Amino acid sequence: MSKRCNSHNVGIATILSFLLFEGSINTFADGPPDPLGDLSNPGESRVQEATIIDHRISSSSNVTPAILELVAYSGEPLSVGRIHLKLADITELRNDRIAVLTKSHERPILYFTSKVEKASPETQSEAEVIFLFKGKEPFSVTLTGFGDPIEIRVSRVIDDQRAHRDLLKKWWFYFTNDDVLTVAEELETVRDYFLDMLARRMQLERPNRRRRRRSTDLERQFERSVEMLFGFESVRLAMMTDEEVKQSRQPEEAIYPLPRPIQIASVTTPFLGSNFQVEPIASAVPPECFYLRCGRIQNYLWVRDLLMGWGGGMSDIVAVKNVDPELRSRYERQLCFSPRQIVEKGIDEVISDCALIGTDLEFENGAGLGILFESDHEDDVSRILGIGWHETKNQLGLKQTSEQYQGRNIWKVSTPDNRIRCLYTSRGKYSLLTNCQHLAHRFLDTAESGRGLGGLPEYQYACSQVPKNRNKVASIYLSDPFFRSVTTPAYRIENARRKLARRDLEQLTLARFVASAESHADQSLEGLVRSRFLPSFFLDRADGSTSLLLDDGVVDSLRGGIGTFLPIADVPVNSVTKEELNSYQQFTAAYSRQWRRVDPVIVTISAEEPPAEGQNRVLLDIGVTPYARQEYAFLTRYLGEEHRTQTVKKSDLLSLSATLKNFPEPYNVRLGIQDDEVPFRIRDGVVEPMGRFEGSSFGRQNSYAAIRPGGLQGLKLLEQFASNFQNEIAPKNFIRILVKHIAKAVRVSQFVFATPTQRLVLLFQSMASSDRARQLANIDRKEIEAGNWSVYGQSAAVRDQVFNELALESTSRSAQVFFALDDVRSSQVFPYLRTSRYYQCKQDSDATIQFLNRTSMWLNVSVQRVRDTLEKSIGGKVVCAAGGTIQQLQSEAGLVVLTSTMTKLNGDDPEIVVPEAYRFEFLEWLRRLEVEFTLKAEKLHARVQVDYSSPDQHDTLHVLVP
């Protein structure tokens, strides 16, 4: 899964980031200037004897590096040493290849860092290496990176605390500004642990390490806009994923009772009458659960594979992935559940329906999930499910336990860290396999009372509004009670506590590893705190839980291991701290301001007739039904009536067309990006567009806006729409930022607003300054007006071509907004996109691998041990962002290091083209995406059609019927 998942995990936003943001991807932040001056003038120093024990000159070198200075000062908790060399005739000298090592595990060289001053025509290159070590006795080190390894004897360690402190400060400056610490986002917690731990132990000031400047935030903002068209923005708002209950590390007792939950009004549901029927399995689902109905396990596998092709999820698909959390395999292992195995054993022949249900969506830390089966043959279901159950139980030597609830047995098998946590129960024709005790209880309660999801008027109404489709293979429903449950004080406070508990486990995993590598004697929890491998507040928790050290890892005493915490619903929250109380009250106020009602969401997934050989087509019908109309009143004021006429232009790669209200005739608006070939070059590892795109971008040159009827009036309406959108839509997302720039541009310039495309450029380059807006007011604003169309864009050639190709075309369905992304894989711009993407992935992958290799050298431990420890800490598998395999090899210096099969293909040559083996897999998968969006009186509706490449057809899928 890991190779496929990380390569696929690019999504719509990532494609658009290359079309529009390509100039801002993956630039590293420069460090501050060196306050310590030039290495060629080290100032006053104590020169210590340097004896070269074994120096072999490499075949490419004729001159031995001259050691100008070697000093070592003792101190606590670690001593510090410095080697200063003058170099001659040594080429390709790089910081990332210099290392100071020792063969002694009792006296390791630790946390070395280096700086190279490259030669000028008048001077020789110089290098300075500073490192930490334990003890006061003489020792030998091996210096690499200068041809063959050089062994150096440090014959005396000086006891001079002032000199120790001065050199330590210099080491800290070099260390904290080393490029190796500019890591991928997923490894920032690991990097931050080392910085915090060393600053604490060495009593140095912790710097604020700047992150890599990337377009990730803009990608996510665009993704939220796509979510809005899909209808998923309402889900994010209703769950308030951007608002968290704050947690303090200051000692504080939980002595206050739980506050009252948020009071949210329900939406009004039209009455359907007593004869409307839904599928029977819905009546066995607790109303507060999310509900993914698949009908058969074969359908579940198909949906799972579809999401993997999309990027792992329907919305979280924006970033280059350096870590694969392996969520699917983690939960299937936890539930002793192998979908393919039970399909082979005949599960689909003995069930009449099935669904995935759950209490929350906190998959990263441990969600409450269950698989619900409907069958008249419960014995066959339990027998087939029991195969994986008994195999796991016997392999791990686990004991099976049971409890009685509502007169039924709930069988359970588990491990202390909850890597295995599987409960099974049944009632009547329904069986449940789950990791959540609360969910098992609620299932039995619902079966006893008969008051399940299927009895909710809102669910019945939502089902009545779904277009009939004979190809439906799955459906998803998020109910009003579900959204209420994830806003309760118990849920929000425990969710904040578990995030703090996870950070503690991550730090404890790393602290134990570092202390062991340094041969520290006391590696108990208290010893690690006492020696400052962990902060002093580490032992304090308001809920009474603590971190525990086990032989094979670490666990939270209340929740379990990293990534397999108890579900939130299984963790009792009986009292809260003052800060938790105040923070929840702030959350309540913020929620009430933004979301006075919650909107149930239904999604149906249909497998349509394949559009061509080797392709499949899936249709997502998304409805927020009924929806809280006051939350969308702004859109209904501006969007025109749904219509069956769309503005089209055949050569567009990406397009959005809509109507805005106007009397007597509505305005047709189309925004697009036209396909074109982009010549480029690769210089110093950076992909630079050439020709007319040089100094600009593909998005800037090839985007346009067309408005009909043309002229100033329509542009004023667009400005009003932009200003009101900015004021009324509270969440920060792509569209809000876009219209903010449009509104600013109109206010700054008194000219006819002829450049909506340039406003797009402002967003895509994240340049919203008024100076930039004034510049745009003075650029060429050529306008083509004929046939009541006005076409605006930076490129005259694009404007002319757009004007000649614009047309109105009838559509088979009516909508208010039409969005389309064409087959990028077959486009002219694809080679440029593929190359840009590869170098972005290569940069991430190289940074990740370099950090792992350097950590191995810092601590004098094997790189495989480093990788295993980091993966335990972050709860996922480190992968190559470019889709290669990370493997070990022996370097020229004789060290075992990690490398990637994909990025090593072009080695260190920055001019080499993309390896033939590299695949931009999402674009290999996607063939076309179309979205139709409409707001009706009682329903928000989005129709999403996805064409994708797949050798597999759907002839084995089961069609769902009520």
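Here is a short tour of one protein chain, from its overall make-up down to a few single residues.

What you're looking at is a predicted model. The chain has 962 residues, and 58% of them count as buried. Its secondary structure comes to 27 helices and 38 strands. Among contacts between residues at least 6 apart in sequence, 74% join residues at least 24 apart.

**The nonpolar cores**

Let's start inside. The largest nonpolar core holds 189 residues, and the members that touch the most others are Tyr111, Trp171, Trp302 and Leu859. Helix H25 gives this core its largest share, 12 residues. Another core lies apart from it, with 27 residues, including Val278, Ala355, Tyr430 and Phe443. As background, nonpolar side chains tend to be buried together in soluble globular proteins.

**Helices side by side**

| Helix pair | Angle between axes | Axis distance |
|---|---|---|
| H4 (residues 188-202) and H25 (residues 830-859) | about 30 degrees | 12 Å |
| H3 (residues 161-176) and H4 | roughly 170 degrees | within 12 Å |

Take H4 and H25, whose axes pack at an angle of about 30 degrees. That angle makes H4 roughly parallel to H25, and their crossing is left-handed. On the H4 side, the residues that meet H25 are Val190, Arg191 and Phe194, while H25 brings Phe851, Thr855 and Leu859. By class, that contact divides into 4 nonpolar, 1 polar and 1 charged.

Now for H3 and H4, which cross at roughly 170 degrees. These two are therefore roughly antiparallel to each other. H3 puts in Arg165, Leu168, Trp171, Trp172, Phe175 and Thr176, and H4 answers with Leu195, Leu198, Ala199 and Met202. Sorted by class, the H3 contact with H4 has 8 nonpolar, 1 polar and 1 charged residues.

Most residues other than glycine have a negative phi, and most peptide bonds are trans. Here are some spots that go the other way.

Tyr111 isn't a glycine, yet its phi is positive, at about 50 degrees. You'll find Tyr111 in strand S5 (residues 109-117), and at 0% relative accessibility it counts as buried. Asn860 is also a non-glycine with a positive phi, of about 60 degrees. It lies in the loop between H25 and helix H26 (863-874). Is Asn860 buried or exposed? Its relative accessible area is 16%, so Asn860 is buried.

As for peptide bonds, a cis one joins Glu76 and Pro77, with omega about 0 degrees. Pro77 sits in the loop between strand S2 (66-73) and S3. The bond from Arg708 to Pro709 is cis too, with omega near 0 degrees, and Pro709 is in the loop between strand S29 (703-708) and helix H20 (712-728).

Gly81 lies in strand S3 (residues 79-86) and is buried, with a relative accessible area of 0%. Leaving aside neighbours within four places in sequence, Gly81 is in contact with Val71, Ala72, Val129, Ile130, Phe131, Phe133 and Leu167. Val129 is 48 residues from Gly81 in sequence, but their C-alpha atoms are 8.3 Å apart.

Thr636, in helix H18 (residues 633-638), is partly exposed, with a relative accessible area of 31%. Thr636 and Ala937 are 301 residues apart along the chain, with 9.6 Å separating their C-alpha atoms.

Notes
Residues numbered from 1 in each chain as written. Predicted model: local features only at pLDDT ≥ 70, side-chain atom pairs only at ≥ 80, totals over all residues. Heavy atoms only, no water. Axes fitted to C-alpha atoms, helices over the stretch in contact; angles between N-to-C directions. Helix = DSSP H or I, 4+ residues; strand = E, 2+ residues; numbered from the N terminus. Parallel < 35°, antiparallel > 145°, perpendicular 65-115°, else oblique. Left-handed = near helix turned anticlockwise from the far one by under 90°. Contact = heavy atoms within 4.5 Å. Nonpolar A, V, L, I, M, F, W, Y, C, P; charged D, E, K, R; others polar. Buried < 20%, exposed > 50% of the residue type's maximum accessible area, 1.4 Å probe, protein only. Core = buried A, V, L, I, M, F, W, Y, C linked by side-chain atoms within 4.5 Å.
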